[in-house]
Amino acid sequence: MPYSSLFRSEEMSLIQLYIPQETAQPTVAELGELGLIQFRDLNPDVNAFQRAFVKEIRRFDEMERHLRFFDAQLTKSDIPVRPLTGDIRTIHARSAQEIDDLEEKIIEHERRITQMNDSYETLQKQYLKLTEMRYVLQETRVFFDEATSRQDNIRNSFDEPTAPLLEQQDLEHGSESLVLHHLNLGFVTGVISRAKMQTFERILWRALRGNLYLKYVEIDEPITDPETDEVLEKNVFIIFAHGKELINKITKISESLGATLYPVDSDPNDRDNNLTEITSQIEARNSVLQNTKNVRRTELIKIAEDLNIWMTIIKKEKAIYHTMNLFNYDSGRKCLIAEGWCPSNDFDKINQALRNATEQSGSTVPSILNELRTTKEPPTFIRVNKFTVGFQEIVDAYGVAKYREVNPGLFTIITFPFLFAVMFGDFGHGMLVTAAALYLVIREKKFEKGISDEIFATFFSGRYIILLMGLFSIYTGLIYNDCFSLPLRFFPSGFQWHDNQTDAQQIGVYPIGIDPAWHGSDNFLIFTNSYKMKMSVILGVIQMSFGIVLTVYNYTYFKKRLSIWAEFIPQMLFMQCIFGYLVFTIILKWSINWNERDNNGELVHGTPPGLLNMLIYMFLQPGVVAEEDKLYPGQGFVQFMLICIALICVPWMLLTKPFIMRRDHKKIRSQGYHNPQMDTTRVSTDEDNEHGGAVVAEEMFEVEEFDFGEIMIHQCIHTIEFCLGCISNTASYLRLWALSLAHAQLSSVLWDMTLKPTLGMSGVLGTIAFIIAFTLWFSLTVFILLLMEGLSAFLHALRLHWVEFNNKFYEGTGRKFQPFSFTLILKDGD
Amino acid sequence: MEALYFNVNDGYLEGIVRGYKSAILNTTHYLNLTQCETLDDLKLQLSATDYGNFLANEPSPIAASTIHEKATQKLVDEFKYVRNNAMAPLSQFLDYLTYAYMIDNVILLITGTLHERDTNELLERCHPLGVFDTMPALCVATNVTELYETVMVETPLAPYFQKISVNDIDELNIEIIRNTLYKAYLEDFYDYCKRIGGVTGELMSEILEFEADRRTINITINSFDTELSRDDRAKLFPNLGKLYPEGHMKLARADCLDHVKAVVEVWVEYRPFFDTTLNSFGGAATSEAKTLDDRFFEYEVHLNKLTFQQQFHYAIFYAFLKLKEQEIRNILWIAECISQGQKEKINNYIAIF
């Protein structure tokens with residue numbers, strides 16, 4: 001049995017399950033808990049609503065709708081739903097009976113809640129009416145009082161021009177109602193939402209041509225509309241107008257604009273009576289309302305207890321029937337036939353699950369598992385754990401590995417944080433990053449439960465990547481001897497300064513990394529630049545060569561022996577002849593002591609030659625190396641040979657494979673084999689044209705026609721890409737140097753500009769300055785150097801993996817294994 | 001030049017509308033919809049399209065009217081999103097689109113009031129795109145002057161109202177009011193589009209001219225055997241379109257369907273409307289039951305579809321609204337056919353894509 005590893009994706013098998021109809025539901029439930037099979041759709045030409053179990057799914061949809069209704073009600077009443085505790089595996093329906101009971105229960109609850117809501121709403125409406133009425137009475141009293149006080153004015157103003165009208169009346173009988181009555185002033189009172197007040201006023205004014213007297217008062221307390229639950233602000237208004245016609249018109253306009261009219265008695269005593277009556281009614285209603293509310297609340301609390309459990313059960317059941325819709329039904333043997341992919345290693349677990357399901361349902365007919373032979377490409381399944389998942393996701397974001405292809409995820413675990421650290425190398429920053437990541441790792445149990453912040457969730461899911469990045473940064477920081485841009489002096493320096501000398505004398509070798517004496521020296525930048533640039537090229541060539549080597553694993557695994565000879569070897573030679581040689585010369589140059597002098601004080605090895613020029617002149621003047629630029633004897637000849645080999649590699653890569661393939665193809669043809677006929681598709685049409693005659697064709701074989709031209713073009717592109725890619729990719733690795741330089745410079749500038757000047761100060765002022773400078777320095781370190789620079793280094797490391805490393809061997813054309821699993825389904829739903 | 005600057009203000013919205021357009025149901029969707037046995041099946045099928053879960057919280061069995069209402073709501077939401085993000089002059093162009101709905105709502109309300117229907121019920125039936133604040137007060141008015149002075153004076157429709165020649169509100173006059181308003185609206189909108197010019201002007205005048213011609217033909221046909229005199233009829237024709245002016249003069253004198261046919265057939269584009277033997281515009285073979293209205297709709301869909309062939313213009317906003325409306329009509333038709341068991345007529349929808 002093959003071992004599962006990160007190196008290649010899991011071996012998969014296409015399996016067929018025969019599940020007796022009566023145990024189908026529990027069996028699928030068991031498989032869903034297991035989560036190891038990706039089922040294939042066996043009825044792709046059947047419409048969604050014509051499938052076998054649509055009725056059940058609809059039933060669960062309906063139940064889910066009820067549950068959503070409960071959920072909405074609970075949120076409205078601010079009752080928290082009890083979260084799921086314990087294993088979600090234990091929550092599932094055991095029998096059809098249980099589902100029926102649950103449905104009944106839910107419907108019963110829903111009926112009760114709806115009923116209570118209805119009565120609550122009616123009560124609230126009445127309550128609302130009463131409150132509005134009370135406001136109208138209270139507020140209009142003010143209007144009427146005002147009217148009374150103005151009574152004299154009104155009368156006086158009417159006395160003169162319209163005297164006859166009033167003369168008949170008894171003027172001594174001067175209550176305001178009579179006055180109103182005598183003036184034939186009718187009035188309309190009501191309540192309208194404040195937003196509509198302006199429109200209302202305008203329309204009234206226009207409709208009545210200004211013949212009205214309108215007063216309004218704002219109600220302080222906002223009023224809730226029982227139907228929509230919106231909180232509205234309302235106004236009480238009273239309109240006086242003259243004549244029945246106008247009053248009718250006002251009533252009509254008010255009603256159409258959504259105002260509620262409340263008739264008010266014109267007699268003040270009646271009004272007062274009304275008010276007291278209404279106030280007492282409101283109190284009575286209030287207690288009824290409170291009661292209803294409490295009953296409803298208890299009911300809802302009862303629901304809140306179980307809501308999540310019900311939701312889980314129903315989601316699971318729905319998923320089960322959705323899956324069963326993918327199956328074929330064999331009516332002769334009364335069983336369902338399912339097909340799907342599963343990891344070959346897990347046959348035992350699946351068999352066990354099938355047996356469990358059969359036993360639990362008490363059936364005597366077992367389900368049968370069959371392995372099918374197939375030419376179809378299986379999905380890619382790579383087992384990951386919480387540590388490797390982040391790294392694998394980096395790879396999957398580029399492309400999911402082809403089935404059983406070498407998976408770069410394995411190497412990414414080390415190379416990714418390493419390349420990151422080369423750019424981010426700083427002991428102190430590495431410590432901070434590690435500490436942050438360690439915190440996330442140690443508290444992961446707590447954080448796992450619920451992270452609402454998206455950005456934080458991203459960091460959290462990458463916590464192990466960050467941890468490794470931090471650790472590697474500590475390492476590279478030690479090598480660069482940088483800690484917040486300052487040197488660390490763990491050991492005595494290998495250089496000694498003499499009092500009156502501008503040069504330091506070497507007295508030993510610093511045990512690890514760059515000697516702290518370099519820091520602050522004039523040629524520090526020249527030294528580190530040269531060192532980091534060369535290091536970048538060396539790392540790049542190593543990683544790319546490694547990538548080319550990995551192709552061999554793919555070629556041998558997929559039995560493409562030809563590709564090893566026609567592609568791997570020329571590619572490797574090309575790479576090594578040019579850039580491998582460059583690496584060789586870099587190391588050679590490092591290992592020569594250019595300061596060594598002979599007895600006459602002359603330099604033994606001459607001046608050090610520039611490697612860049614060497615590489616350029618290697619192509620421009622093959623075989624010729626100027627005497628002063630020589631690194632070693634016979635260099636011209638070696639370089640000439642290397643160029644020859646590299647040049648031979650180009651046609652080798654380009655031509656061998658297509659021509660050998662063509663020869664083989666011709667040999668097969670001459671032996672009398674032919675491609676099968678082209679009509680290898682199965683066409684199935686529905687006999688009855690009810691489904692609109694949907695024609696579905698399924699590819700039975702995938703035979704590629706041999707086309708020499710196409711292969712040649714493909715190979716041509718591939719060769720050009722590789723040869724040019726070698727050059728540009730090597731150059732691309734120089735980003736390691738650039739980013740590392742930028743990081744070091746930025747952190748040293750930050751140090752020099754903020755914290756350093758305050759260190760020399762003393763006294764209280766110095767302390768204050770130090771504190772301010774320290775906060776500034778620390779926050780800038782975190783936000784600019786750690787977060788922004790870290791992100792930039794992360795992206796560059798990502799690019800080096802995706803483009804420079806992966807394109808050497810990785811196809812990434814697979815599709816991901818998506819098993820039918822309750823855990824995944826429930827997680828998606830959240 | 002307009003292509004150069006178009007995207008500064010309107011590029012985002014054009015992208016959005018093109019996205020909405022790609023969500024319009026195609027033939028395969030309709031094929032699936034027409035196979036449904038019940039409205040619940042229809043709901044399931046629609047949930048697989050861009051309509052998504054718009055019916056998920058409706059208790060089954062659902063009614064065809066609920067589907068219609070929810071689908072319209074979705075369209076209105078989309079339109080409002082576009083309107084809220086629009087800058088001038090696109091915002092004004094979009095406002096113009098809503099005026100047509102306002103006219104419909106006004107007419108609906110005054111007709112309802114005439115028949116003494118409940119105002120709230122009427123308000124619910126109004127199209128949400130044509131709602132304006134003072135609309136409910138329409139039911140108070142008893143004649144046109146009052147209508148204008150009380151309510152319409154502050155709406156964008158006010159200038160159109162000034163052109164109405166009748167005053168009393170009765171059955172016949174309501175039709176006259178409707179058509180006069182629409183005539184004024186079309187002419188105004190046409191002028192506006194011409195002022196915008198460019199591709200917008202070109203495409204919109206094509207569409208609006210057809211709209212005007214369609215109204216002209218409809219007015220003519222509907223006015224047979226009514227009290228409407230020929231002169232009055234001619235006054236209701238919008239003064240634009242391919243039929244203007246010669247066609248209008250002839251149509252004003254027509255008094256049976258054959259006359260109309262004879263007049264209209266002079267224009268090649270319009271010949272298929274009255275020719276039952278020809279194929280429809282969309283290319284699909286017409287069934288025998290296609291009415292004149294269906295043919296108009298088909299041609300309208302065809303014109304609207306053409307607008308998507310060009311870029312950097314406003315006509316796609318108009319076209320999107322109209323196509324989506326047609327789609328909702330189609331869904332309603334299918335839903336009604338299913339609920340009333342009239343499966344044989346179910347294919348009389350107008351396919352869009």
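## The interface between chains A and B

About 2100 Å² is buried between chain A and chain B, and carbon and sulfur atoms give 51% of that area. Of the area that chain A buries against chain B, 28% is supplied by A:Phe49, A:Arg206 and A:Ser256, which is more than any other three residues supply. The model is a predicted one, and in it 23 residues of chain A are in contact with 28 residues of chain B.

## Polar and charged pairs

Three salt bridges are found by the rule across the interface of chain A and chain B. A salt bridge joins A:Arg202 to B:Glu154, with the closest N and O atoms 2.8 Å apart.

On the side of chain A that touches chain B, at least two residues each are supplied by helix 2 (54-76), helix 7 (197-207) and helix 8 (244-256) of chain A. Sorted by class, that side of chain A has ten charged, seven nonpolar and six polar residues.

## Chain A as a whole

The secondary structure of chain A comes to 24 helices and 15 strands, and 44% of the 830 residues of chain A count as buried. When contacts in chain A between residues at least 6 apart in sequence are considered, 79% of them join residues at least 24 apart.

The accessible surface of chain A comes to about 45300 Å², and 58% of this surface belongs to carbon and sulfur atoms.

Definitions and conventions: Residues numbered from 1 in each chain as written. Chains lettered and ligands numbered in written order. Predicted model: local features only at pLDDT ≥ 70, side-chain atom pairs only at ≥ 80, totals over all residues. Heavy atoms only, no water. Contact = heavy atoms within 4.5 Å. Buried area = accessible area lost by both parts, 1.4 Å probe. Salt bridge = Lys/Arg side-chain N within 4 Å of Asp/Glu carboxyl O. Helix = DSSP H or I, 4+ residues; strand = E, 2+ residues; numbered from the N terminus. Nonpolar A, V, L, I, M, F, W, Y, C, P; charged D, E, K, R; others polar. Buried < 20%, exposed > 50% of the residue type's maximum accessible area, 1.4 Å probe, protein only. Areas by Shrake-Rupley, 256 points an atom, 1.4 Å probe, with all protein chains shown as cover.
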